[in-house]
Amino acid sequence: MNRAAVTSLVVFLLLVAVGWYLTKLQSPQENPPATPAPTGSAPTGSSDLAALVIAPEGKMAGYSRDRFPHWASQGNSCDTREIVLQRQGVDVKSDKDCKATSGTWTSAYDGVVIKDGGEVDIDHTVPLAEAWRSGADKWTDEQRKAFANDLGGIQLIAVTAKSNRSKGDQDPAKWKPPVAAYGCTYARHWIAVKINYKLTADQAEHDALAGLLATC
């Protein structure tokens, strides 16, 4: 084979190799990296009912709402209540003192739309008295304050005064949201709060939660 032929063969082999390499670069990876989970989504709660510790309810001796200092200052003239109103309402406008002057809130418990922030109640998913009976009686006042002002997204919820007062301090064995479609979410949030704060549940409460989870 003469020199010209050898040179041609070498050039041909180089072109083939370069073409193969470029094809590999342009083709999809066989094992592409997993898509990162979206961030900033609303808390969904927990369905891990088995993680709840079952125990009889404690006594109310010594209980007072004052033992759970709530609507604490959150800075910029805002307290916990006003922050919840801002986060859970639509088109909320506030004055210089952070008071909601307008907006729209939909009460998840009963589906009622509220146009006046002053008519909105901020409910504790797990009521303060229920927490007391479930273990919070052994907390410090600072721990109870943190519980009462938890802005994590599932312990505080903007609802109608009527539904909030109908619920009172009752657990799911005695009260469930009138909007049945919200029952699953309510149970998940209730369980998540109790697990997070290491609060117990009595047997009737546990069974009622199981019934709500069955609707998910």
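Tutor: What follows starts with the chain as a whole, goes on to the aromatic rings, and ends with the strands.

The model is predicted. The average pLDDT of the protein chain is 85, and 80% of the residues score at least 70. Residues 1-42 are a stretch where pLDDT stays under 50. For residues 1-42 the model has one contact beyond four places in sequence.

The protein chain contains seven helices and seven strands. Their order along the sequence is α-β-β-α-β-β-β-β-α-α-β-α-α-α. Of the contacts in the protein chain with a separation of 6 or more, 70% are between residues 24 or more positions apart. Buried residues make up 38% of the 216 residues of the protein chain.

Now the rings. With ring centres required to lie within 6.5 Å, the count is 13 aromatic pairs. One of them is formed by Tyr 109 and Tyr 182, with 6.0 Å from centre to centre and 55 degrees between the planes, and it is classed as tilted. An angle over 60 degrees would be needed for edge-to-face. This pair links distant parts of the chain, as Tyr 109 and Tyr 182 are 73 residues apart. Tyr 109 lies in the loop between strand E4 (100-106) and strand E5 (113-114). Tyr 182 lies in the loop between helix H5 (161-167) and helix H6 (183-196). Tyr 109 and Tyr 182 are both buried.

Trp 139 and Phe 147 form another aromatic pair, with 5.5 Å between the centres. The angle between their planes is 65 degrees, and the pair is edge-to-face. Why do both residues count as buried? The cut-off is under 20% relative accessible area. Trp 139 is buried because its relative accessible area is 15%, and Phe 147 is buried because its value is 0%.

Trp 139 and Phe 147 also belong to a cluster held together by ring pairs, whose members are Tyr 63, Phe 68, Trp 132, Trp 139, Phe 147 and Tyr 197. One ring of this cluster, that of Phe 68, has the charged end of Arg 144 sitting over it, 6.0 Å from the ring centre.

Next, the strands. Strand E6 (residues 120-124) has five of its five residues buried, so the rest of the structure largely encloses E6. Val 120, Ile 122 and His 124 are buried on one side of E6, and Asp 121 and Asp 123 are buried on the other, so both faces are covered. E6 pairs with strand E7 (residues 156-160) in the antiparallel sense, over five bridges.

E3 and E4 run antiparallel and are joined by three bridges. Ser 94 has Ala 100 in E4 as its bridge partner. In general, the strands of a sheet pair through backbone hydrogen bonds.

How values were computed:
Residues are numbered from 1 along each chain as its sequence is written. This is a predicted model: local features need pLDDT of at least 70, side-chain atom pairs count only at pLDDT 80 or more; totals for chains, interfaces and linings use all residues. Side-chain values use heavy atoms; hydrogens and water are left out. Rings of Phe, Tyr and Trp (its six-membered ring) pair if their centres lie within 6.5 Å; planes under 30 degrees apart count as stacked, over 60 as edge-to-face and the rest as tilted. Helices (H or I, at least four residues) and strands (E, at least two) are DSSP runs, numbered from the N terminus. Buried means under 20% relative accessible area, exposed over 50%, partly exposed in between (1.4 Å probe, protein chains only). A charge sits over a ring if NZ of Lys or CZ of Arg is within 6 Å of the ring centre and within 35 degrees of the ring normal. Contact means heavy atoms within 4.5 Å. Two strands pair if DSSP finds at least two bridges between them. pLDDT is the predictor's confidence in each residue, from 0 to 100.
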